[in-house]
Amino acid sequence: MELIFIIEQVLNGLLIGVYYLLIALGLSLIFSLGGIVNLAHGAFYAIGAYLAVLLTDRIGFAGSLVAAPVLVGLIGIAVERFLFRRFYRSDPILSLLLTFGLAMIAEQGLRMIFGASPLPYAMPSALRGQVFVGDFIYPYYRLMMLSVAVVAVTLTWLLLYRTPFGRVVRAGVQNPEMVGALGISLEPYMMAIAALGVGLAGLCGVLLAPIVTIHPAMGAEILTAAFVVVVIGGLGSFWGVVAAALLVGVVRGLTSYFLPPASEASIYLLMLLVLLFRPRGLFGERIQKFE
Amino acid sequence: MIVKPILSRRALVQGAAGSALLAGIGMPAISRAQSDVIKIGHLTPRTGFLGPLGDYAVMGIQLAADEINGAGGVNGRKIELMLEDSVNPQTASAKAERLIERDKVAMLIGEISSASGLAIGQVAKRTKTVFINTGCNSDALRGSDCNQYMFHIEGANSMYVQAVAQYLLKENLVKGKKWYSLTADYAFGHDLLKVAKMFMEKNGGQFAADELIPTDISDFSPFLLKIRQARPDIVISNLAGNQITNFLKQYSEYGLPFPVVGFAFDTAVAWGLGKGNFSGVWPLVWHHLVDTPASKAYVETFTKKYGKPPENQSWGDYNSLKIVAQSMAEMKSTDPVKLAEHFRKGAKFDVMKKREGYFRAYDNQMMMEMYAVRAKKAADMKDQWDIYDALGTVPGPDDDLEVIAPPKGACNMA
């Protein structure tokens with residue numbers, strides 16, 4: 001019996017990992033290409049959730065699942081064009097301060113507009129219900145969430161590894177000077193990556209809105225775990241982030257089972273161990289500019 | 001072209017540290033200096049998992065100050081509020097000291113976290129400043145950690161458990177029943193679990209298991225799976241703040257069939273749930289359906305000012321300031337030592353309930369009625385505020401108010 005329960009927690013942990021993945025992927029992309037440590041990334045996730053609340057009455061849940069990430073992506077474009085772009089060449093501490101400030105402005109902004117109280121939001125009744133597979137239970141909603149996330153991650157992978165756009169981005173990560181010498185400006189690529197990265201965070205916000213508390217500080221809540229995922233996964237590796245997100249989800253799920261008070265600490269312990277033995281992260285590549 | 005001169009992987013780890021820092025930054029203080037006013041220090045968490053409740057606390061105390069100042073103040077002096085975000089116990093303690101020593105406030109009101117409440121209570125004792133606790137439930141604050149300057153308008157954990165206990169007993173959900181609890185992993189939760197165990201054991205309940213839940217966790221699915229395996233007869237929430245919202249949203253997502261009961265609750269966290277997510281029986285120190293003239297008038301003025309009805313947390317901070325203003329006017333003094341004496345002599349106060357309340361001299365706990373509510377069915381909810389029905393009031397009309405109070409013994413004021 002015990003084994004069944006552990007398997008159940010592992011499978012559930014994979015599910016938890018999927019939403020870390022949506023946040024961490026954008027974080028990793030923006031850092032790898034632009035060198036910006038985006039502390040405001042969680043804020044985009046929160047804005048996604050708030051947009052879901054605002055839009056669902058008008059265009060339904062499915063509509064907001066498409067519209068909210070697009071809107072968040074558009075905000076990302078504006079932020080990239082007018083703020084990030086000034087800081088690619090400067091000391092990373094400056095962009096750290098910039099995004100730190102942005103995160104606070106976003107959080108307080110949400111608080112001023114919507115108040116600190118959680119906003120009520122429920123999943124569409126069509127998605128209520130559970131699937132039972134033997135001893136296992138899966139809410140329909142999480143299965144839907146899983147499929148949307150898998151589609152989003154697959155499309156991102158195709159974009160990065162199967163298109164000319166992706167080739168330039170990956171070259172830009174490895175050697176921006178060479179890309180420049182070849183006469184390609186990375187600026188439009190950076191703008192697209194920023195839109196994609198924060199758009200994914202916005203998507204995650206919409207997906208989680210029906211099952212977590214929607215409040216102004218929800219972004220800060222999820223951000224630290226996403227950073228841990230990026231550090232564990234290693235830079236420059238798409239699958240590193242994927243593996244790390246799932247690993248973090250499973251570790252967290254299992255500690256929740258065996259030692260709940262340690263479930264929060266467990267992922268930092270994991271990060272510590274990974275950094276001790278693999279300073280570049282699990283699948284981190286050797287990237288000249290970061291060494 | 002993009003060139004990064006001093007970029008390194010370390011920046012990323014610094015980022016992780018920075019993101020953790022982000023969670024620990026509080027709201028800026030708002031205060032205006034003015035002479036010949038009565039300064040009142042107000043501390044409450046504005047950020048973190050109790051932040052939503054802190055918002056209501058501030059709305060409540062501001063409404064009270066507006067009303068008092070609008071009516072000419074206290075003995076001709078206006079009330080001036082110094083509002084601070086208490087963040088965590090360390091910050092709460094430092095800010096309490098600063099309010100008392102630098103800003104020279106007459107007294108302190110507020111707090112929600114029992115851990116921060118303890119820290120503020122210690123500062124109150126050392127500086128002989130009256131502190132009225134408006135939101136910390138731990139029995140320990142009324143027991144081993146009590147002191148003569150710390151008063152409690154908020155109900156104690158024991159009182160909350162008593163408020164739902166009679167419905168559990170009536171519906172036969174205790175004797176021989178297996179209960180599974182989820183408990184907030186900090187001072188308040190640990191204290192509540194102890195009180196809950198005492199009640200359940202005394203009445204023949206069977207303890208299945210308890211999970212201590214970190215306050216910053218938002219995914220309850222691992223615990224929901226464990227509850228499902230354990231197949232209890234009843235699930236008990238000893239959670240706090242946003243935890244309750246997260247838990248109930250996911251409990252309904254997983255569609256678990258076991259009845260839910262809470263031993264602590266705030267209406268704001270249920271208003272933030274969304275349709276079809278609310279269930280169970282829950283205790284409250286006050287709710288907006290309490291049927292007294294004072295309560296109705298308060299709901300009306302609050303709703304007019306803020307565009308939404310008040311909840312229990314705004315009740316606590318509003319009534320505390322009202323009680324203080326009333327007492328200071330009666331005594332014609334703002335001396336904190338005299339204020340404490342006045343309270344401890346058993347002065348009675350209208351706190352919007354059927355019966356007047358008073359501070360019990362043994363532990364400075366407000367003796368008053370408590371309430372229980374039951375979640376409405378989604379189809380019966382008329383609007384987003386209409387989420388529960390009043391179940392009743394404890395103690396009954398013929399019982400002494402003290403019957404639900406924490407048991408005596410541990411508190412030594414000397």
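Helix α2(A) passes helix α7(A) in a right-handed crossing. This comes from a predicted model. The points below cover two helix pairs in chain A and a sheet in chain B.

**Helices α2 and α7 of chain A**
- Helix α2 spans residues 41–82 and helix α7 spans residues 187–208.
- Their axes come within 7 Å and cross at roughly 145°.
- The residues in the contact of α2(A) with α7(A) comprise 21 nonpolar, nine polar and three charged.

**Helices α8 and α9 of chain A**
- Helix α8 covers residues 218–233, and helix α9 covers residues 238–258.
- The two axes cross at roughly 125° and come within 8 Å.
- Because of that angle, α8(A) counts as oblique to α9(A).
- The crossing of α8(A) past α9(A) is right-handed.
- On the α8(A) side, the contact is made by A:Ala225, A:Val229, A:Ile232 and A:Gly233.
- On the α9(A) side, A:Gly240, A:Val241, A:Ala244, A:Ala245, A:Val248 and A:Arg252 take part.
- Sorted by class, this contact of α8(A) with α9(A) has seven nonpolar, two polar and one charged residues.

**The sheet in chain B**
- Three strands form an open sheet in the order β11-β12-β13, with antiparallel pairing.
- Strands β11 (348–349) and β13 (366–367) of chain B are the edge strands, since each pairs on one side only.
- Strand β12 (residues 357–359) of chain B is joined to β13(B) by two bridges, and the two strands run antiparallel.
- B:Tyr358 stands opposite B:Met367 in β13(B).
- Strands of a sheet pair through backbone hydrogen bonds, in either a parallel or an antiparallel way.

How values were computed
Residues numbered from 1 in each chain as written. Chains lettered and ligands numbered in written order. Predicted model: local features only at pLDDT ≥ 70, side-chain atom pairs only at ≥ 80, totals over all residues. Heavy atoms only, no water. Axes fitted to C-alpha atoms, helices over the stretch in contact; angles between N-to-C directions. Helix = DSSP H or I, 4+ residues; strand = E, 2+ residues; numbered from the N terminus. Parallel < 35°, antiparallel > 145°, perpendicular 65-115°, else oblique. Left-handed = near helix turned anticlockwise from the far one by under 90°. Contact = heavy atoms within 4.5 Å. Nonpolar A, V, L, I, M, F, W, Y, C, P; charged D, E, K, R; others polar. Pairing = 2+ DSSP bridges.
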